[in-house]
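Hi everyone, thanks for coming.

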Amino acid sequence: MNQELSTSLAAEIAIKHQEALFIATEARQNIDKALNAAADVGKLIDKAKDQYHGRLHEWLREHVPGLKPEQADVYHGIHRVRQKRECLEADTRQLKLIGIIGDEEVADSGGSSSGQKADGTRWIKWAGHIAQHFRGLDSTRPIETWESFERKALSDTLEPMVSLYKRAGGRV
């Protein structure tokens, strides 16, 4: 490769790299903004919950028809978690319910394509890391202290692994 072409290619890579970094930074900021807005919605839902206790979902269906009860619960949960701790990492369910990602992104996010064989060793190692992570998390923050939406997100995420475990001969 001649020097001029090499320099041009390096410059193009550097420009695209800076563009990717900028877009990723904007995306993180926008996710933060979306979660903050979701927490604000949750705070308002908390107010409505005080006024319409026991009939909140019915009231929301009537007065905020575009808001699904599941979304309202997630917003309220995000608000409650934010009250307890400053940092809140978004999980897939929250991002999906507030419209940041769609079903296709969730479906595409973690597997090999149909044309590839799964590497059993890699997935077993990955599952071991997840198990270790949750054992550590449970020892510092027991699952019984989690918000209901956090437990639901975890159970939804683990459900396919439990099914696979059973199919592999494991017992629950």
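I'll go from the overall fold to confidence, then to a ring pair, a histidine and a pocket.

Some ground rules. This is a predicted model, where local features need pLDDT of at least 70 and side-chain atom pairs count only at pLDDT 80 or more, while totals for chains, interfaces and linings use all residues. Residues are numbered from 1 along each chain as its sequence is written, and side-chain values use heavy atoms, with hydrogens and water left out.

Okay, the fold. The protein has seven helices and zero strands; here helices (H or I, at least four residues) and strands (E, at least two) are DSSP runs, numbered from the N terminus. Of its 172 residues, 17% count as buried. Buried is under 20% relative accessible area, exposed is over 50%, and partly exposed is in between, using a 1.4 Å probe and protein chains only. Now contacts, meaning heavy atoms within 4.5 Å: among those with a separation of 6 or more, 54% join residues 24 or more positions apart.

How confident is the predictor? pLDDT is its confidence in each residue, from 0 to 100. The mean for the protein is 78, and 76% of the residues reach 70 or more. Helix 2 (residues 56-63) has the highest confidence, at a mean of 92, and helix 5 (residues 103-108) the lowest, at 50. Over residues 105-118, pLDDT stays under 50, and the model has six contacts there beyond four places in sequence.

Next, the rings. Rings of Phe, Tyr and Trp (its six-membered ring) pair if their centres lie within 6.5 Å; planes under 30 degrees apart are stacked, over 60 edge-to-face, and the rest tilted. That rule gives one aromatic pair. The ring centres of Tyr52 and Trp59 are 4.6 Å apart and the planes sit at 15°, so this pair is stacked. Tyr52 is partly exposed, at 21% relative accessibility, and Trp59 is partly exposed with a relative accessible area of 21%.

Is His79 buried or exposed? It counts as buried because its relative accessibility is 8%. His79 belongs to helix 3, and beyond its neighbours within four places in sequence, it touches Ala39, Gly42, Lys43 and Asp46.

Last stop: the second largest pocket, with about 210 Å³ of space. Thirteen residues line it, and Asp73, His76, Gly77, Ser148 and Phe149 are the closest to its centre. A pocket, on a 1 Å grid over the protein atoms alone, is an open set of points where a 1.4 Å probe fits, with protein on both sides within 12 Å along at least five of seven lines; lining residues have an atom within 4 Å of a point. The volume is the space filled by probe spheres set on the points, which are joined across faces, edges and corners.

Which helix gives the largest share of the lining? Helix 3 does, with five residues. Helix 1 (3-51), helix 3 (69-84) and helix 7 (148-167) each supply at least two.

Finally, Ser148 sits in helix 7 and counts as exposed, at 52% relative accessibility. Ser148 and Gly77 are 71 residues apart in sequence, yet 7.8 Å apart in space, C-alpha to C-alpha. That's me done, thanks!

Terms used
pLDDT is the predictor's confidence in each residue, from 0 to 100.
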